[in-house]
Amino acid sequence: MDRLSKRETGVEKRKGKGKESEREKIITLQKGKRGIMQIVFGRTGIVVLFLLLQALILLVGFGLLRPYIVVLFGGYAVFGLIIAIIIINREENPAFQIAWLIPVLLIPFFGGLFYLFVQSQLGHRILHRRMSVLIDETRKYAQQKNSVTLELVEKNPAEWRLAQYAFSQGDFPVYDNTGVKYFPLGEDKFEEMLIQLEKAEKFIFLEYFIVEEGYMWGRVLEVLQRKASQGVEVRMMYDGMCSLMLLPYGYPSQLESLGIRCKMFSPIRPALSTMQNHRDHRKILVIDGKVAFTGGVNLADEYINRKVRFGHWKDTAIMVEGEAVRSFTMMFLQMWNITEKEEDYGKYLDVDVRAKMPTSCGYVMPYGDSPVDNENLAENIYLDIINRAVKYVHIMTPYLILDQELIRALTFAAKRGVDVTIIMPHIPDKKYAFALAKTYYPGLIRAGVNIFEYTPGFMHAKVFTSDDERAVVGTVNLDYRSLYLHFECGVYLYQVPEIAEIEKDVQETLTKCQRVTLVDCKREKLWIKIYGRVLRLFAPLM
């Protein structure tokens, strides 16, 4: 038995028999993963089976039309041409247009019908309308302070314009009176997270993409149950993708039995629908409206390196304390109430924290991004940082699947003398995504972009720093899924002292990286080059 196990055993003995039943109830929820047979013959297997059956029915239907292929060929071509004209004239990213044109022109009838099927999904429009209502309901709590506006206009008009954009498009104010603490590893965030959870007096809100049974979630769950028993309101929301592999489908009801309100966002259902592409990729923890966390760290053991999957897991997180927490509280309540009818917003958003915070800590802007509002807010913030960089832009990201806007911004910044450095994983979690990312390496390197790979393992951080005065820490990857299809969030920092710590972490991380050169790109295995280039045709849909 190692030291940790001995220490935990000693703590349990000191707690006494009175609490054993409560702890056993929690531990019951933590017992190992479901076996492969449970997955295959459980709900996950049923979902996959129904999806395959629906796809098979579509294929059989098209197969029945084959005897009439000669007669219908002309109609197919005309139909495909009409769909192609519709696609070209839509106001969307050209990469998505190209990705759709390929199947439409290769297999006009099937490709065209599939495109119409995707575009006619009612769920997207329903979600858009519901989110618009929720934003209207919370708008009065998202007011931009005039004093902050005047300060930004005087200090840097470009910063004020960015702030004005984020506020007008997403109701995300810029705050002063906010403390910031950066965590260069998931372990560091986890330690502080437990400390802050113990201080909770009124409410705890958690919104995570991944929750997996194990040590990390077990420790958090123990605190949550205890706080709930003390009268603290606890709400937990996680993405429905977890129900496929990581958690039982009925897990929310199990947490409800512990006094924790819980729900899945968009549970995976056995039906073909584009809505199932819109995942809640956010990682948000709000405590009493006074403290909030975000970043790349989910609630699973690999994020704190207690379980090794792809070497050392490099992740980051950030804690904000003070006025800016209100935006995170608001984002959580908006997502929670997609399926609710009534909410007392003032109870959670009218939290006065100004007296406890310093007045000279720079400017903090938490923000969210939605796939249903037709505004690429997260990408535009990244583009603004790149385009206004004078000395450097340093980026840590697990994926590199870029649209033309980002390619142009990164290469132009490098060509005008800005130090553009991107840190990627050396051990990937998804080989197809890594092969696809490598197709961008040669063009970026030729333009002067520096690309490094984190040799100890997997890089999962989502960090931007620039010119010692701007930074972003959040959940937004440099890929199409994060930038266009997922619900995401982040924190934009301007002239915040903690930016120095973020850049220090970037520099320390670089000492554990190897540079990727054009020679390395040429030496890449041929099959990886071919595989990556084929995938690039469909990158926007991945």
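Modeller: Helices (H or I, at least four residues) and strands (E, at least two) are DSSP runs, numbered from the N terminus. The model is predicted, so local features need pLDDT of at least 70 and side-chain atom pairs count only at pLDDT 80 or more, while totals for chains, interfaces and linings use all residues. Residues are numbered from 1 along each chain as its sequence is written, and side-chain values use heavy atoms, with hydrogens and water left out.

A cavity is a set of points, on a 1 Å grid over the protein atoms alone, where a 1.4 Å probe fits but cannot get out. Points are joined across faces, edges and corners, and the volume is the space filled by probe spheres set on them. Counted in this way, there are three cavities of 30 Å³ or more.

The largest cavity has a volume of about 60 Å³. Its lining (residues with an atom within 4 Å of a point) consists of L152, E159, L162, A163, V174, Y363, M365, Y492 and Y494. Helix α10 gives the most, with three residues. By type, the lining of the largest cavity has eight nonpolar residues, no polar ones and one charged. Here Ala, Val, Leu, Ile, Met, Phe, Trp, Tyr, Cys and Pro count as nonpolar, Asp, Glu, Lys and Arg as charged, and the others, Gly among them, as polar. The charged residue in this lining is therefore E159.

The second largest cavity holds about 50 Å³ of space. Ten residues line it, and G289, E323, V325, R326 and V351 are the ones that lie nearest its centre. Two helices, α15 (325–336) and α16 (346–349), each supply at least two residues of this lining. The largest share comes from α15, which contributes three residues. The residues around the second largest cavity divide into five nonpolar, three polar and two charged.

Set side by side, the two linings read as follows. Around the second largest cavity, the elements that give at least two residues are the helices α15 and α16, and the lining includes three polar residues.

Note on methods:
1 Å grid on protein atoms, 1.4 Å probe; cavity = no way out; pocket = protein on both sides within 12 Å on 5 of 7 lines; lining within 4 Å.
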